[in-house]
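Trainee: I am new to this structure and would like to look closely at a single part of it. Could you take me through that part slowly, and then through the spaces inside the protein?

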Amino acid sequence: MHVAGGIRAILWAAAVILPVAASLTPRSVRSGPAEATAGTDPELVLWYDEPAANWESDALPLGNGALGAMVFGGIQTERLQLNEKTLWTGGPGTAGETHGNWTSARPGALAGVQAQIDRDGRMAPDAVATALGQPPAGFGSYQNLADMYLDISGTPAAVNGYRRELDLAEGTARVGYSHDGVTYQREYFASHPRNVIVARLSASQAGKISFVLRTVPAQPGSTVTVANGRLTARGALPGNGLIHETQYQVVTTGGTRTDGTDRVTVVGADSAFVVLCAATSYADTYPAYRGTDPHALVTEAVDGAAAATPAALRAEHLADYQRLFDRVRLDVGGQLPNVPTDELRSAYTGAAGRAQDRALESLYFSFGRYLLIASSRGGSLPANLQGSWNNSNNPPWQADYHTNVNIQMNYWPAETTNLSETATPLFDFIDALRAPGRVTARSIYGTTGWVTHLSSNPYGFTGVQDWATAFWFPEAAGWLCQHLYEHYRFTRDTTFLRDQAYPAMKEAVEFWRANLHVDPRDGKLVVSPSYSPEQGDFSAGASMSEQIVWDLLTNTIEASTTLGVDAPLRARWQTLLSRLDPGLRVGSWGQLQEWKADWDSPTNDHRHVSHLYALHPGRQISPLTTPALADAARVSLTARGDGGTGWSKAWKINFWARLLDGDHAHKMLSEQLKSSTLANLFDTHPPFQIDGNFGATAGMAEMLLQSQHGVVDVLPAVPAAWPTGSFGGLKARGNLTLDAQWRNRLAERITLAAGSSGNLTVRNPMLATAPLVDLTTNRTVAVTRSGNQVTFAAEAGHRYQAVSAEGGTI
Ligand code: FUC
């Protein structure tokens with residue numbers, strides 16, 4: 001059960017004014033939730049009874065979009081591993097860097113591959129990579145910034161009542177314990193309004209705060225200087241010369257603060273706080289990708305925050321964070337027992353009737369939303385393969401921007417779970433890819449338009465690599481553009497559609513207008529060469545390639561119609577669409593074919609299920625509109641099985657939800673929690689890869705609300721394991737916000753707030769009979785009923801509600 005917002009607000013206020021001793025009483029590890037740190041909703045807390053031993057599985061993430069921290073909670077030595085999202089090697093200044101464009105022209109190379117595929121129907125990946133690939137040069141990788149350490153003087157190795165927590169309700173990490181009759185608390189949060197991370201240390205007795213602050217920069221050649229309690233680490237990355245600077249300011253009340261050469265020592269303070277900020281000279285502008293020296297920005301942020309009180313910093317952070325986080329509530333019938341989150345996760349079975357498993361599921365959902373807020377805010381780069389958290393200078397897959405599913409999956413929950421603003425960095429990133437993507441289109445394909453391939457970096461890498469079974473993915477731009485159009489579909493923001501979405505979509509369509517190939521087998525337009533990620537041979541017209549181009553064309557035609565522009569071009573796009581192979585074929589064993597030829601094996605359990613793009617995130621297939629194709633998708637998905645890496649399981653939650661099979665969607669969620677989730681609830685591929693967190697959060701939202709087909713489908717895939725529950729604040733396309741509650745898997749109450757006016761169709765069995773009331777006017781709404789659906793004219797700003805006969809008594 002979630003504590004109502006109002007009560008929570010009162011508790012927070014109490015936490016601010018109560019002395020530390022009252023807000024963090026010494027407690028045994030197994031103390032009841034009521035004793036948890038005041039001001040939190042216990043159902044929204046990840047907590048542990050020992051410090052983190054391992055960065056990847058134990059430490060707890062904080063972030064404000066640009067900055068990230070992993071909190072260890074050490075007793076004698078606290079460690080915060082730090083990141084700044086733009087700290088990337090590679091790009092301009094790196095030897096051999098060409099944005100992935102061919103270093104020399106390859107006349108006829110592309111046509112040669114197309115001709116061979118036309119002739120033979122297929123081509124081996126190695127042969128295509130030899131013809132069209134190229135080892136990446138200057139791609140670079142996302143870097144580790146530094147570790148910040150607090151050596152806590154005079155603390156024994158063992159303390160009483162140790163607790164380390166991440167409070168999702170407040171976007172705050174805490175460490176608490178007591179010894180010698182004194183209670184100690186550390187509190188950490190990453191403030192987006194101030195662009196700083198704040199660490200606050202307090203104790204129940206005066207004069208008890210003593211520590212040494214030091215840093216170990218992760219980048220070679222960094223210098224560390226100290227003045228007036230401020231530690232500054234600065235350097236330039238080898239290779240590309242990107243300047244980075246981090247400042248840490250120690251502020252104390254009482255006691256002494258002493259500067260060392262590379263550390264700041266605090267002795268006997270009553271309380272203390274540290275604010276830190278980091279930035280680099282990166283800018284997302286092609287071709288230089290350089291802005292100003294970060295010194296002034298970092299100094300200003302740290303000066304400003306250090307001059308504020310910790311209480312004011314906290315209040316600002318809460319106002320900013322909770323404005324986003326508090327928009328959505330989810331209750332799937334859970335209640336957290338008083339056990340640490342790692343034990344809760346290892347005890348998880350997913351079975352029906354286990355309230356603690358339900359509580360973990362909804363905690364995991366909220367954690368996904370938390371991670372998106374923490375790793376993706378306007379003004380910085382989008383969430384990468386690890387969000388913003390990386391402790392290595394050589395991370396897996398460079399912790400880059402994979403565009404053949406991964407970065408897209410990161411943003412699946414953005415619109416549905418009411419965090420639209422968090423997608424801004426993705427949209428800016430797409431914008432920044434257009435200039436280099438145009439050069440790639442011209443140099444590799446000899447055409448107009450923009451294109452990008454398998455994976456990208458912050459320096460406009462839009463060309464090719466040489467990983468034979470993955471490198472070729474010119475559909476990436478089209479898939480990215482889907483996010484632009486979906487943002488419009490959810491928000492109805494026509495300014496965004498006109499100024500930001502449509503120009504990128506139109507230019508991506510232009511690429512395909514120039515590059516679609518006539519298939520000699522049937523005269524249809526196909527992508528060639530085409531490769532279904534990341535398996536099989538090359539061919540022409542693999543299903544995913546066609547489905548993405550279909551989606552891009554359909555969306556761009558719709559957008560130009562909405563905007564009332566480009567009528568002549570639109571007519572040409574419509575002709576293209578009518579000649580396009582849509583990539584939807586039912587094969588010999590009833591499956592949806594992955595390729596245009598029937599190559600599918602029923603024993604193939606590859607993690608990519610690319611040919612089901614049309615089911616999710618696309619909208620060509622639905623059990624309601626194309627039941628035969630949905631049946632074929634089900635056959636394919638069943639054959640692929642319930643295994644896979646973390647993100648693969650997460651995608652399968654979404655697929656099963658779209659097939660309206662809540663039980664199978666829940667089965668995939670439980671597989672994800674059982675075998676692809678670490679103690680800190682990070683998704684593991686393995687290794688840690690954040691897309692699975694985001695994909696699963698999105699999948700849970702898809703189980704509860706769908707709207708991809710112009711019908712608002714409420715509670716479309718509620719599993720037997722969630723017989724009773726409620727949600728609030730999920731979004732549907734059309735600028736709609738919904739709340740619902742259900743019992744015995746049947747809706748009792750559905751409330752819909754319309755942000756825009758227009759005709760709406762809403763679907764749920766209850767709506768076959770229940771009246772719809774306009775709560776704004778208190779009148780029953782005139783509806784047209786058709787089976788489980790009602791259609792009515794919604795007015796912007798009005799709230800509508802339907803209550804079942806049973807639900808009326810609640
Ligand atoms: C895709 C996947 C891999 C991995 C990588 C980052 O290439 O096939 O499994 O997730 O992205």
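Trainee: In which sense do strand 17 and strand 24 pair, and over how many bridges?

Mentor: Please keep in mind that this is a predicted model. Strand 17, which covers residues 329-331, pairs with strand 24 in the antiparallel sense, and three bridges join the two. Within that pairing, Arg 329 stands opposite Gly 728 of strand 24. Strand 24 itself runs over residues 725-732 and is mostly covered, with eight of its eight residues buried.

Strand 24 also pairs with strand 25, residues 736-743, again in the antiparallel sense, and here the pairing extends over seven bridges. In this pairing Lys 731 is found opposite Thr 737 of strand 25. Strands 24 and 25 form a hairpin with three residues between them, and in the turn Gly 734 has a positive phi of about 105°.

The structure holds ten cavities of 30 Å³ or more, and the largest cavity contains about 230 Å³ of space. Its lining is made up of 19 residues, and those that lie nearest the centre of the cavity are Tyr 411, Trp 412, His 483, Glu 486 and Arg 733. Several helices each supply at least two residues of this lining, among them helix 10 (412-416) and helix 17 (646-658), while helix 12 provides the largest share, five residues. By class, the lining of the largest cavity has eight nonpolar, six polar and five charged residues.

The largest pocket holds about 520 Å³ of space, and of the 33 residues that line it, Glu 84, Thr 86, Tyr 282, Gly 379 and Ser 380 are the closest to its centre. Strand 16 (271-280) and helix 11 are the elements that give two or more residues to this lining, and the largest share, five residues, comes from helix 11. The lining of the largest pocket divides into 15 nonpolar, 14 polar and four charged residues.

The second largest pocket holds about 370 Å³ of space, and of its 21 lining residues the closest to the centre are Arg 745, Leu 746, Ala 747, Asn 764 and Pro 765. Strand 23 (712-714) and strand 26 (746-754) are the elements that give two or more residues to the lining of this pocket, and strand 26 gives the most, with three residues.

Conventions. Residues numbered from 1 in each chain as written. Predicted model: local features only at pLDDT ≥ 70, side-chain atom pairs only at ≥ 80, totals over all residues. Heavy atoms only, no water. Buried < 20%, exposed > 50% of the residue type's maximum accessible area, 1.4 Å probe, protein only. Helix = DSSP H or I, 4+ residues; strand = E, 2+ residues; numbered from the N terminus. Pairing = 2+ DSSP bridges. 1 Å grid on protein atoms, 1.4 Å probe; cavity = no way out; pocket = protein on both sides within 12 Å on 5 of 7 lines; lining within 4 Å. Points joined across faces, edges and corners; volume = space filled by probe spheres on them. Nonpolar A, V, L, I, M, F, W, Y, C, P; charged D, E, K, R; others polar.
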